[in-house]
Each structure stands twice: as structure tokens, then as C-alpha cells.
Amino acid sequence: MSDPVPPSSLSSSSSSPSSSSPHSSQTHSAPPPAPKTPHEQSPWERRIETALWNSRFLVMLAVVPSLLGSLMLFIVGTLDILTVVGDVLRYYLIDSSQDIHDTLVPDIIIAVDVYLIAIVLLIFGLGIYRLFVSRIDQAEVSYPKHPFNVGSLDQLKDKIARVVILAVIIEFFRAVVDIRFTTPLEAIYLALSVLALAAALYLMSLGHKDE
């Protein structure tokens, strides 16, 4: 007569081997491989990748002209303001025969518009430099929220878009100053334009209320 089989052996033999399936342990994907060190690369691979990495300095062809264009616009805007100042002093101190009130405000608005476009070029040039060449350490240490500190192309585009919208508003204001209304309907059109502009500014401020 054979000995009875112990219950523990029955329970162990009845356990399903599918519980230790290899698919259950592969729940997380493998991390990406680490980049090769220069000693692990072949000479040709190292030369090619060095040349590709140094190609980022091509953006200097956009950075330097942007800064030069910004400088020229700042000079033009400053000369325009100085011209207005000279006209005002001449009108009140020397000769008041030529009225300056019709051209005073439009000339100043044009100068402000020129300054804004200069700021656009400045932010674009330094933002491209920071993204593709190197960070501007002085700006990050002293002014962490400076407009020059951009973290991505989308952020750079957003900052430029804000200044461009402001320049468009200034240009709209200049056009309004030159308008001479002849009918009440034209005044209504102006009021609707101002209302639409105010709504656009409000919607834009909602997108940046956390900054």
C-alpha cells in the first residue's frame, strides 16, 4: 500500500506557472542608451558629429544682422524724437508761424513704433543665440525673468508676438489720429475697432496672467 501524498505537495504542484510570466515584469520600457563618449566613437563619427554640432554657429548669420538692425532702428527713433524736440523748442521760443500740433503726436507715435520693432529684433537675435549657441549667464544670474531668457522656440515666438501686437496697436493709434470723420457711421466703426482691440488685449492677458 502506497503512502498518501502530502497536501502541501499537491498545492505546490497545482500552482500555475503562468503567474511568473515574463510579460508581467516588462511593464516599463528600457531607458534610452547613454550617448557614446569620444573614446567609444570612431574617428570619422567623431569628426562628423563635431562638424554637425558646430553648425549651430550658422545662426550667428541671423543674430548679428538682427542686432545691427535693432541698433539702426534705435538710432532712427532717437533722431526722430530729437527732431520733434527741436521743432517744439523752435515753435515756442523762436518762430510760431508754423503750427506743429497736427504733426507732433503722429511723429512721436512713429518713433515709438520704430523702437518696438527694434526691440523685436533685439529679442529675436539674443533669443536665437541663447537657444542655439550658448546661454547668457549674466542675464540668468541677475534677471531670471528677463525677456532674453527663453527656454524654447515657442516661448521666443510668444515674446516676439507680444511686442509685435503692441507695435500694431501703436500703428492703429497713429492711423486713428490722422482720421477725419465725415459721417457718424465712421465714428461707430472706430468705436467697434477699439472694442475689438480691447477684447484682443484682454484675451492675450488671460493667457499670461500667471507670469
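1. Start at I123. Leaving aside neighbours within four places in sequence, I123 is in contact with P147, F148, L156, K159, I160 and V163. Contact here means heavy atoms within 4.5 Å.

2. A word on the source. This is a predicted model, numbered from 1 along each chain as its sequence is written. Local features need pLDDT of at least 70, side-chain atom pairs count only at pLDDT 80 or more, totals for chains, interfaces and linings use all residues, and side-chain values use heavy atoms, with hydrogens and water left out.

3. I123 also belongs to the largest nonpolar core. That core has 18 residues, and those with the most contacts inside it are L116, I123, I128, L156, I160 and V163. A nonpolar core is a set of buried Ala, Val, Leu, Ile, Met, Phe, Trp, Tyr and Cys residues joined through side-chain atoms within 4.5 Å. Helix 5 and helix 7 are the elements that give two or more residues to this core. Helix 5 supplies the largest share, six residues.

4. Now the two helices themselves. Helix 5 (residues 101-132) and helix 7 (residues 153-178) pack at an angle of about 170°, with their axes 9 Å apart. Helix 5 is therefore roughly antiparallel to helix 7; the term covers angles over 145 degrees. Axes are lines fitted to C-alpha atoms, for helices over the stretch in contact, and angles run from 0 to 180 degrees between N-to-C directions. By class, this contact has 24 nonpolar, one polar and five charged residues. Ala, Val, Leu, Ile, Met, Phe, Trp, Tyr, Cys and Pro count as nonpolar, Asp, Glu, Lys and Arg as charged, and the others, Gly among them, as polar.

5. Look next at D113, in helix 5. D113 is buried, with a relative accessible area of 14%. Buried means under 20% relative accessible area, exposed over 50%, and partly exposed in between (1.4 Å probe, protein chains only). Beyond its neighbours within four places in sequence, D113 is in contact with A167, I170 and E171.

6. Y91 sits in helix 4 (residues 60-93). Y91 counts as buried, at 16% relative accessibility. Its contacts, leaving aside neighbours within four places in sequence, are S96, Q98, D99, I100 and H101.

7. L58 lies in the loop between helix 3 (43-54) and helix 4. L58 is exposed, with a relative accessible area of 58%. The C-alpha atoms of L58 and F132 are separated by 9.3 Å, and the two residues are 74 residues apart along the chain.

8. Finally, the whole protein. The secondary structure comes to eight helices and zero strands. Helices (H or I, at least four residues) and strands (E, at least two) are DSSP runs, numbered from the N terminus. Buried residues make up 19% of the 211 residues. Of the contacts with a separation of 6 or more, 64% are between residues 24 or more positions apart. The protein exposes about 15700 Å², and carbon and sulfur atoms supply 68% of it; the areas come from the Shrake-Rupley method with a 1.4 Å probe.

Key:
Parallel < 35°, antiparallel > 145°, perpendicular 65-115°, else oblique.
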